[in-house]
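Here are my notes for your reading of this structure. Keep the view open and find each residue as you go.

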Amino acid sequence: MNPETLPAWSLSMYDGFDAEKYKNNINELEQLFQSINTILKEDALWEGGSLTPLEEIIPLLNRAHDLYESLESYTYCSYSVNTDDSLALNELNALEQRSVPFTGLLVRLRNRLAASGTGEREWKTSGLLKDYIYFLGESLEDQSYQMSPELEDLAADMSRSGASAWGRLQETVSSTLKCSWSEGEEKSVIQLRALAADPDRETRKKAWEKELECWKSVEIPMAAALNGIKGSTNTLNGRRGYESTLEKSVRQAGMSRRTLDTMIAAMTDALPDFRRYMKAKARRMGLEKLAWYDTVAPLETRSPLWSWEKTTEFIKEHFGALSPSYAEFARRCFSENWIDVPPRSSKVGGAYCISFPLSEESRILTNFTGSFNDVSTVAHEMGHAWHHEVLKKAPALHRHYPMTLAETASIFSETLVFQACYAQAAPEEKMSLLDSTLSDSNQVITDILSRFLFEKELMERRGSGELSPSELSHMMLRAQEATYGDALNPVERHPWMWAVKGHYYSQDLAFYNFPYAFGLLFSLGLYTLYEEMGSDFEPLYRKVLMKTGRASVEDCGAAAGLDLRQESFWQSSLDLIRRQIDLFCKEA
């Protein structure tokens, strides 16, 4: 497949950083900050628990969020397809600097809200505020976990040259890291990682060995970046009154600790089943045990590649099983160039979907090479875009949903495409497809759990001092042993996964791992309902998605009749995967 023939996206919402529209949006954003600040400073407006200043601020906040998200999305999209673009990088830094006052404004708003003495009873009397009860309640709770406005301002300002800069270092290094592959040919680490799905085992092994060499060569700056970010995270969360960073992450996820612990327990109980799958895959491949570079490899050596044209037609057709509007939305994504498809030098790895609320559009980045996993990735990211589409008319404060629920629509869409493909496949292809979906589930349960265990130990140990690259690698191997166990060759694992995953390199989003497991298992619960309800499911699905920015994950589940606090729910979702494992082991 020639990457040069694959489509790139169109960033048509702005004509560049010097465009009048771009500059006008920045000016309007700064004026909004000033207007909000003026209201917050007027003591007389807030006397007697008056609701008027809140009613004035809410619309301004919505508009400010829309402006900043659109500006940041455009800038990050420009940067992520060319991390060598210094102009885009400088603009990202400039936007971060402009957003610093936003943090202080939100801190002051929460303080005003707490001092006002108002609550749900009073908010219900306001025609505007009654629609923002969840946001206001969460803001009151957040107020108990924040420093003074001056310290929050300082923390936001310092993060630009501290944790955010460390995170940018990891992203830049990982997107530009290269090695010699053969005479006259270089490969980036992104390209090396893509070869994990190559059908030839010797190619996979060579790519894995080269990749480890790459990460080894930059482990010192990567460890410095990770230590810097996690040290900042621990310090700030301690100052804000959290018992641990995990406590903050659970709160950010919009869930209770009980729900998380129940889910983690169910995942741990399922590990023997996933090891059964991996051992069966090893037997099918004629191996004693899988190596790291075998875990996402295709089962058959001649798995057919998907063309981009076949991928687009297949997704459009089978999104239509949910609703005609979903199929039409997919058509629009493809025909209007919302997707940047080909892998290329200096483009970030992986995939993402990002929203432009002002134009009510999304953009999707992927690195498509033609494997069925790539097809699933496109469906996954398009699920995120559909979530944005469902919420596009909602105010900004109702579109900010937690990571847990962000993964729900994406994995549901992925499941929709897999089930359609599996149903149509010839008998000789079903085994490979079954392996493909189990490989994905194995990543989301087994590997995500290893990342969760690693980060839990990292956050605990970082409080006592910095950790060396060697310590970080040993911690990662211990976490992999705890989850993969005897199903994976102990000398062919990946000790530098702590350097690979950009999710570790965010000061504000620690434990960016368990939300993926939540998304998989919650979406499987929803998919079970879809199979039972047929065409009646789509309105219920929209209802759940519409609640994602206005309710806890438990309440979103309850909207579909699902109790996420009970282990029986998580076990029932895992049972769907267990049945696939049983079938795979039988056939293998």
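1. Start with R63. Its relative accessibility is 33%, so R63 counts as partly exposed. Bear in mind that this model is predicted. The side chain of R63 meets that of E28 in a salt bridge, at 2.8 Å from N to O. E28 lies in helix α1 (residues 20-41) and R63 in helix α3 (residues 52-80), so the pair ties together parts that are 35 residues apart in sequence. E28 is also partly exposed, because its relative accessibility is 25% and the buried class ends at under 20%.

2. Why can such pairs form? Side chains of opposite charge can pair when their charged atoms come close. How many salt bridges are there in this model? The count comes to 43.

3. Now turn to R240. R240 forms a salt bridge with E152, and the closest N and O atoms are 2.8 Å apart. R240 sits in the loop between α11 and α12 (245-252), while E152 sits in helix α7, so this pair ties together parts that are 88 residues apart in sequence. Are the two partners buried or exposed? Both R240 and E152 are buried.

4. Next, look within one helix. The side chains of K316 and E313 meet in a salt bridge, at 3.0 Å from N to O. Both residues belong to helix α14 (residues 308-319); they are 3 residues apart, which means a separation of about one helical turn. E313 counts as partly exposed, because its relative accessibility is 48%.

5. Salt bridges can also be linked to one another. Which residues form a network here? D273, R276, D575, R578 and D582 are linked by salt bridges. Select these five residues together in the viewer.

6. L151, L154 and M158 form a nonpolar patch on the surface. Together they have about 280 Å² of accessible area. L154 has its place in helix α7 (residues 149-161). L154 counts as partly exposed, because its relative accessibility is 48%.

7. Which helices each supply at least two residues of the lining? They are α7 and α11 (219-239). The largest share, 5 residues, comes from α7. By class, the lining has 7 nonpolar, 5 polar and 1 charged residues.

8. Cavities come next. The structure holds 2 cavities of 30 Å³ or more. The largest cavity has a volume of about 60 Å³. Its lining is made up of S175, S188, I190, Q191, P343, R344, S345, S346, K347 and N367. How do these residues divide by class? There are 2 nonpolar, 6 polar and 2 charged.

9. The second largest cavity has a volume of about 40 Å³. R451, E455, K501, H503, Y504, Y512 and N513 line this cavity. Its lining has 2 nonpolar, 2 polar and 3 charged residues.

10. Finish with the backbone. Most residues other than glycine have a negative phi, and most peptide bonds are trans. S346, one of the residues that line the largest cavity, has a positive phi of about 70 degrees although it is not a glycine. S346 lies in the loop between β3 (339-340) and β4 (352-356). S346 counts as buried, because its relative accessibility is 8%.

11. Where does E360 lie? E360 is in the loop between β4 and β5 (361-365). With a relative accessible area of 26%, E360 is partly exposed. S346, by contrast, is buried.

Key. Residues numbered from 1 in each chain as written. Predicted model: local features only at pLDDT ≥ 70, side-chain atom pairs only at ≥ 80, totals over all residues. Heavy atoms only, no water. Patch = residues over 30% accessible without salt bridge, like charges linked within 9 Å, V, L, I, M, F, W, Y side chains within 5 Å. Areas by Shrake-Rupley, 256 points an atom, 1.4 Å probe, with all protein chains shown as cover. Salt bridge = Lys/Arg side-chain N within 4 Å of Asp/Glu carboxyl O. Helix = DSSP H or I, 4+ residues; strand = E, 2+ residues; numbered from the N terminus. Buried < 20%, exposed > 50% of the residue type's maximum accessible area, 1.4 Å probe, protein only. Nonpolar A, V, L, I, M, F, W, Y, C, P; charged D, E, K, R; others polar. 1 Å grid on protein atoms, 1.4 Å probe; cavity = no way out; pocket = protein on both sides within 12 Å on 5 of 7 lines; lining within 4 Å. Points joined across faces, edges and corners; volume = space filled by probe spheres on them.
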